Amino acid sequence: MASDDDDLPELINEDNADISDDSDEEKWQEIKDDRDEEVPTTCLFCDSQFSSIEKAIPHLDQVHQFDLRSLKAKYSMDFYSYIRLVNFIRSNKIMNPKDLVSTDSSPLWLDEKYMKPAADYESWLSYDFDELEISEATSQTDKVIKDLRDELKIKDQMLQQALEDMTLMKESYKRLMGKEESTSSTQKKKNQGSGVASVSLESDSSYFESYSHFSIHHSMLSDTVRTESYRDAILKNSEAFKDKDVLDIGCGTSILSLFASQSGAKHVYAVDQSDIIYHAMEIAQINNFNNVKFLKGRLEDIEMPFEKVDIIISEWMGYFLFFEGMLDSIIYGRNNYLKEGGLILPNRCNVSIVGYGCEDRYNNFIKFFDNVYGYNMKCILKDILREAHVEKCHDEFVLTKPNIICELDINTCDLSYSNFTYDFSLDVTKDSKMTSIVGYFDTFFDLPQEKVSFSTSPAATPTHWQQAVFYLDEPVDVKVGDVVTGKFICQRDRKDLRSLNVEIRVFGKVFKYDLN
């Protein structure tokens with residue numbers, strides 16, 4: 001039986017000569033010599049030309065502050081990551097190395113699509129990235145950073161343990177002081193009354209979580225009517241704020257706190273249960289506001305580092321003014337923390353309604369369900385009409401004079417503020433079909449130096465609050481000179497204290513709506 005070696009063909013070169021070791025070494029030397037040749041190169045970030053990549057690398061460091069070695073160490077880059085980096089720069093025409101990473105320093109070039117070259121020939125891809133040496137200093141720095149991170153992790157664990165121990169100590173103290181604590185808790189519950197603070201924080205968590213999203217803060221901050229009214233009320237009345245202690249309830253991004261501090265307040269206490277408060281802290285620090293103290297928690301649940309303040313500021317208004325029930329917290333703050341004769345901003349609001357008639361909107365929305373791709377979907381209209389809708393209304397479709405149905409003094413109102421009944425009378429100013437009743441509110445800052453106010457009326461500059469629309473089941477013809485009378489009943493929803501139930505009796509019918 002023949003061995004396996006006997007079956008192997010003899011290895012020969014093209015001239016039928018045996019391949020020698022010397023031949024191998026000569027060919028490898030030729031390849032190495034080819035690789036050592038200089039390759040003309042263009043800078044990664046500008047149009048500068050170089051005779052080789054080795055000469056271009058110092059230029060990257062000196063002119064663009066781009067250290068390829070440090071980058072390799074920081075992101076543990078291999079040759080494939082390097083290929084993606086070069087193709088990412090060329091594909092996106094990056095001119096600033098800062099554009100290579102996101103705001104949290106994550107690399108942007110890791111997508112597989114950047115394995116494909118951006119051009120037919122790219123000299124940087126011929127560079128042996130694996131041979132790029134990471135300096136000892138860089139390695140040492142990375143080690144120091146790692147050690148510091150490990151140390152910080154250990155300290156975080158120790159801090160967490162300390163916090164847990166403190167919690168246990170507090171619980172033990174509460175048990176020892178059980179009777180006194182029970183009395184205090186009962187009194188606190190009594191002070192809170194039947195407002196939103198009577199709802200457990202767990203049950204109310206979704207409300208506060210909604211204010212952790214940045215889109216809602218962008219919407220509020222970019223509302224110039226809202227933000228500039230507060231700014232003018234605070235900054236144009238600096239005498240009222242000078243050397244005063246200010247409480248900002250529901251501070252959000254802290255814009256009102258910053259205005260108050262800028263206006264000369266001595267101390268500003270910013271309170272918010274939402275996680276947005278952590279960003280507010282950073283915003284105040286970046287802008288060098290050192291007299292703003294942040295307190296995370298629901299106002300009714302936390303201990304304050306002061307007895308009383310001179311001024312309370314808050315942007316508490318919701319849709320149709322009362323939605324969300326945040327005024328409950330302002331009333332709590334007023335009753336517990338405001339000095340006698342202190343200021344509340346805003347100090348006054350009112351709610352108005354008008355008759356409204358936009359047939360196009362009514363047909364496109366309400367009548368839409370009469371025929372949906374040939375199907376009758378009228379059965380869901382009852383529930384649709386039950387909802388109060390928040391929409392942008394236009395003055396051209398307002399058919400009546402406004403009627404104020406509720407006037408609110410923030411200095412004296414109580415927790416029943418959203419429970420009211422009003423017999424309204426709307427004077428018709430246009431011949432048209434009335435399709436809905438529209439509600440809106442006005443806000444007032446009655447201050448000594450300069451009074452400020454704004455409106456969310458369809459006739460005013462649009463705001464993020466828009467208007468509350470209560471649709472009728474059928475359009476009603478009205479003419480100039482007609483007077484539309486009825487009864488408007490508003491009540492807090494007993495099952496959801498931040499929501500509202502509205503009943504409108506008009507045109508011989510009773511319409512019920514939920515604003516939730």
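**Salt bridges, pair by pair**

Modeller: Let's start with Arg 231, which is partly exposed at a relative accessible area of 31%; buried means under 20%, exposed over 50% and partly exposed in between, using a 1.4 Å probe and protein chains only. Before going on: this is a predicted model, so local features need pLDDT of at least 70 and side-chain atom pairs count only at pLDDT 80 or more, while totals for chains, interfaces and linings use all residues. Residues are numbered from 1 along each chain as its sequence is written, and side-chain values use heavy atoms, leaving out hydrogens and water.

Arg 231 has a salt-bridge partner in Asp 232, at 3.2 Å from N to O. The rule asks for a side-chain nitrogen of Lys or Arg within 4 Å of a carboxyl oxygen of Asp or Glu, and it gives 17 salt bridges here. In general, side chains of opposite charge can pair when their charged atoms come close.

Next up is Glu 450 with Lys 236, where the closest N and O atoms are 3.7 Å apart. This one ties together distant parts of the chain, 214 residues apart: Glu 450 sits in the loop between β12 (432–445) and β13 (452–455), and Lys 236 in the loop between α10 (224–235) and α11 (238–241). Those labels are DSSP runs numbered from the N terminus, with helices as H or I of at least four residues and strands as E of at least two. Both ends are partly exposed: Glu 450 has a relative accessible area of 34%, and Lys 236 has 39%.

Then there's Lys 339 with Asp 310, at 3.1 Å from N to O. Again distant parts of the chain are linked, since Lys 339 belongs to strand β7 (residues 338–345) and Asp 310 to strand β6 (residues 309–313), 29 residues apart. The two ends land in separate classes here: Lys 339 is partly exposed at 36%, whereas Asp 310 counts as buried because its relative accessibility is 16%.

For some nonpolar context, the largest core has 86 residues, and Trp 316 is among those with the most contacts inside it. A core here is a set of buried Ala, Val, Leu, Ile, Met, Phe, Trp, Tyr and Cys residues joined through side-chain atoms within 4.5 Å. Trp 316 touches Tyr 230, Leu 327 and Ile 330, among others, not counting residues up to four places away in sequence; contact means heavy atoms within 4.5 Å.
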